[in-house]
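Subject: Structure handover

Hello,

Here is the structure I promised to pass on. My notes on it follow below.

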Amino acid sequence: LYGTDARTAAVVLDHLGADAIGANCSTGPVEMAGVLKMMGEVTRKPIIGKPNAGLPKVDGEGQTYYDMDADAFYEGMKHIIDAGASIIGGCCGTNPSYISKIASLRKKNVSFYQEKRYLTSERKTLAFGLDDPFMVVGERINPTGKKALQASLKEGSMDMVIDFAEQQEAAGASILDVNMGMSGVDEKELMVKAVEELSVVTSLPLSLDSSMPEVLDAALRIYPGRALVNSVSLEEVKIIYPCERFDLKSRKSISGEQKYYLADLGFYFALNTDKRINYGPALENIVYTYARSKGYNISVGRIGKLECDFILGRNNTDYSYIQVAMTIMNSIETEDREYRPLESIKDNYPKYVITRNDLIQHRNGIVHVNIAPFMKDNQLF
């Protein structure tokens, strides 16, 4: 009724949790087959085909009838099977004799599914994969730094939001980002209103942009499609951990220069599908999560132009300094690179160089350990 095409309906129903997806009524079996095939291109769910006995006609007395008999319906339903349907039936113009006739048809082991990612609006599906062309996300619907848009939104007007949407669509954007975050407004109320307005004026999928879960929840519930979700923080769900930088000369934290570490390296290995894994950062991540599990407060140290991988602290009195490297055996330059930051720290707190499996060295009182036995023995820094 709203111009939703078959692919879009299938994508949305699939991700809403439907167990089977398809079409009924509307046409005869031959005409419906193409619709079902399109659905099968975007979902792996079982496909349902339940057409009428042909297209409706009107007799001389104004009565609707269907002129496809059970035999013709049976032949037409072969097209439904070829289109990938595994659940079949009949709608208007059929009766038990039609259903009995098609019961002997068997599904075929065919699949038209295309391995893609899908976003939709109410009327359009956007499919994309790693090998597809670059797409533009229009980012203008965001009040940050836009005083005129802020004033308009505070008055409850969506005129500028609609103007920005139409301009970006005309300029070739594939997705429209929508952000209503600013002070002095009800962000959830504005986001819901913006989604409702934009769903009418544009066919482009939306990217819902908010760091507040309740705003995203409200918007997703009324969005008539499958949206992109933007700006979700992985910190609160403990997928990543922020690690602040600390300047050892000024003894102050450095704002805006955090590093991040994964709570589970399985995410890293899963995403590196080309197998080109950088094991140095992976080992650094292992040391970080191990130290965190032991209750240390952790920051990244800066000493002038040098960086100390970790400063560990407990009870604001006990500190230690850590450098992490897969190996320091490659060259004297590699060894110097790892030891130099620690040697430039002049206090007497413990200092460690942690490697994977090197011959243990002794240099200027710095403790060299290999990570596997250190963790196996449950040691502290």
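First, a definition: axes are lines fitted to C-alpha atoms, for helices over the stretch in contact, and angles run from 0 to 180 degrees between N-to-C directions. Helices (H or I, at least four residues) and strands (E, at least two) are DSSP runs, numbered from the N terminus.

This is a predicted model, in which local features need pLDDT of at least 70, side-chain atom pairs count only at pLDDT 80 or more, and totals for chains, interfaces and linings use all residues. Residues are numbered from 1 along each chain as its sequence is written, and side-chain values use heavy atoms, with hydrogens and water left out.

Helix pairs

Helix α5 (residues 147-154) packs on helix α6 (residues 159-170) at about 130°, and their axes are 8 Å apart. The two are therefore oblique to each other. For orientation words, angles under 35 degrees count as roughly parallel, over 145 as roughly antiparallel, 65 to 115 as roughly perpendicular, and the rest as oblique. From α5, A148, L149, S152 and L153 make the contact; from α6, M160, V161 and F164 do. Contact means heavy atoms within 4.5 Å. By class, the residues here are 6 nonpolar, 1 polar and no charged. The classes are as follows: Ala, Val, Leu, Ile, Met, Phe, Trp, Tyr, Cys and Pro are nonpolar; Asp, Glu, Lys and Arg are charged; the others, Gly among them, are polar.

Helix α2 (residues 29-40) and helix α3 (residues 70-82) also pair up. Their axes come within 8 Å and cross at roughly 10°. That makes α2 roughly parallel to α3. On the α2 side are P29, V30, M32, A33 and L36; they meet F73, G76, M77, H79 and I80 of α3. This contact has 8 nonpolar, 2 polar and no charged residues.

The 3-strand sheet

An open sheet of 3 strands has the order β1-β2-β5, with parallel pairing. Two strands pair if DSSP finds at least two bridges between them. β1 (21-25) and β5 (85-88) are the edge strands, each pairing on one side only. From one strand to the next, the twist averages 25°. β1 and strand β2 (residues 47-51) run parallel and are joined by 5 bridges. I21 has I47 in β2 as its bridge partner. Helix α3 lies across β2 and β5, at about 140° to β5.

The 7-strand sheet

Another open sheet has 7 strands in the order β13-β12-β14-β15-β16-β17-β18, and its pairing is mixed. Its edge strands, β13 (252-262) and β18 (367-370), each pair on one side only. The twist averages 35° from one strand to the next. β16 (residues 318-324) pairs with β17 (residues 351-355) in the parallel sense over 4 bridges. Y321 has K351 in β17 as its bridge partner.

Which helices lie across this sheet's strands? Helix α10 (residues 279-293) lies across β12 (240-247), β13, β14 (297-303), β15 (306-314), β16 and β17, at about 105° to β13. Helix α11 (residues 332-343) lies across β14, β15, β16, β17 and β18, at about 160° to β16.

The largest pocket

Of the 17 residues lining the largest pocket, R44, K45, G84, V110 and S111 are the closest to its centre. The lining divides into 7 nonpolar, 6 polar and 4 charged residues. On a 1 Å grid over the protein atoms alone, a pocket is an open set of points where a 1.4 Å probe fits, with protein on both sides within 12 Å along at least five of seven lines; lining residues have an atom within 4 Å of a point.

Best wishes
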